[in-house]
Amino acid sequence: MNKTLLGATLGLTLLAGTAVADSNFSYDQPWVSVAQALQMDDDHDIRLTGYVVEQIGKEKYLFEDRTGTIVVEIDEDKWRDMRASSRTKLTIWGQLEEEDNGNELEVEHLELAR
């Protein structure tokens, strides 16, 4: 993994907009681990805390916590001027989508973890 490239890619993401416009986003989504998310059914709304460790497509990333790695889709408008690297701990909220190669998370909101 090229951490410099990831840091530059994420660091240069300067986008406007709101994170929750036109969605069913709620802060009440349950906290789960990546390992749990990979075992859950389609269409669950969940919350994860961990790290975006690699960009694997235009809006697709690998997200990791201590239990595993999951593919997440983060639309450009969700970044909202945030600067992040592979060492920036994030909390993400979204909905699980079952794909041919396993579960992915469609991210509705993200912020720096507290």
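Predicted model: local features only at pLDDT ≥ 70, side-chain atom pairs only at ≥ 80, totals over all residues.
**Strand pairing, barrel and core**

Student: Strands β3 and β5: how many bridges join them, and do they run parallel or antiparallel?

Tutor: Three bridges join β3, residues 68-73, to β5, and the two strands run parallel.

Student: OK, how confident is the predictor? What's the average pLDDT?

Tutor: The protein chain averages 84, and 79% of the residues score at least 70.

Student: Where does pLDDT stay under 50?

Tutor: Over residues 12-22. The model has 21 contacts beyond four places in sequence for that stretch.

Student: Back to β5. What about its pairing with β4?

Tutor: β4, residues 89-99, pairs with β5 in the antiparallel sense over ten bridges. G94 has V107 as its bridge partner in β5. A hairpin of two residues links β4 to β5.

Student: Why is β5 called largely enclosed?

Tutor: Eight of its eleven residues, in the run 102-112, are buried, so β5 is largely enclosed by the rest of the structure.

Student: What do the strands close into, and in which order?

Tutor: Five strands close into a barrel, ordered β1-β2-β3-β5-β4, with mixed pairing. The twist from one strand to the next averages 55°.

Student: What about the β2 to β3 step?

Tutor: β2, residues 60-65, and β3 pair in the antiparallel sense over six bridges. E64 faces T69 in β3, and D65 stands opposite G68 in β3. The two strands form a hairpin with two residues between them.

Student: And how many bridges join β1 to β2?

Tutor: Four, and those strands run antiparallel. Q55 has Y61 as its bridge partner in β2. The hairpin from β1 to β2 goes through four residues.

Student: Which β2 side chains are buried?

Tutor: They alternate along the strand. Y61, F63 and D65 point to one face and are buried.

Student: New topic. How many aromatic pairs does the structure hold?

Tutor: Two. One of them is Y27 with W93, edge-to-face, at 5.2 Å centre to centre and 90° between the planes. This pair links distant parts of the chain: Y27 lies in the loop between α1 and α2, W93 in strand β4, 66 residues apart.

Student: Y27: buried, exposed or partly exposed?

Tutor: Y27 counts as partly exposed, at 46% relative accessibility. W93 is buried, with a relative accessible area of 3%.

Student: And the pair of Y61 and W79, what's its geometry?

Tutor: Edge-to-face, 5.7 Å centre to centre, with 75° between the planes. Y61 lies in strand β2 and W79 in the loop between β3 and β4, so the pair ties together parts 18 residues apart in sequence. Both Y61 and W79 are buried.

Student: Which residues touch the most other members in the largest nonpolar core?

Tutor: L48, V72 and W79, out of 20 residues in that core. The elements giving two or more residues to it are α2, β1, β2, β3, β4 and β5.

Student: What does L48 touch?

Tutor: Leaving out residues up to four places away in sequence, the list includes V32, A37, F63, I70, L90, I92 and L105. S33 and T91 are on it too.

Terms used: Residues numbered from 1 in each chain as written. Heavy atoms only, no water. Buried < 20%, exposed > 50% of the residue type's maximum accessible area, 1.4 Å probe, protein only. Pairing = 2+ DSSP bridges. Axes fitted to C-alpha atoms, helices over the stretch in contact; angles between N-to-C directions. pLDDT = per-residue confidence, 0-100. Contact = heavy atoms within 4.5 Å. Phe/Tyr/Trp six-rings, centres within 6.5 Å; stacked < 30°, edge-to-face > 60°. Core = buried A, V, L, I, M, F, W, Y, C linked by side-chain atoms within 4.5 Å.
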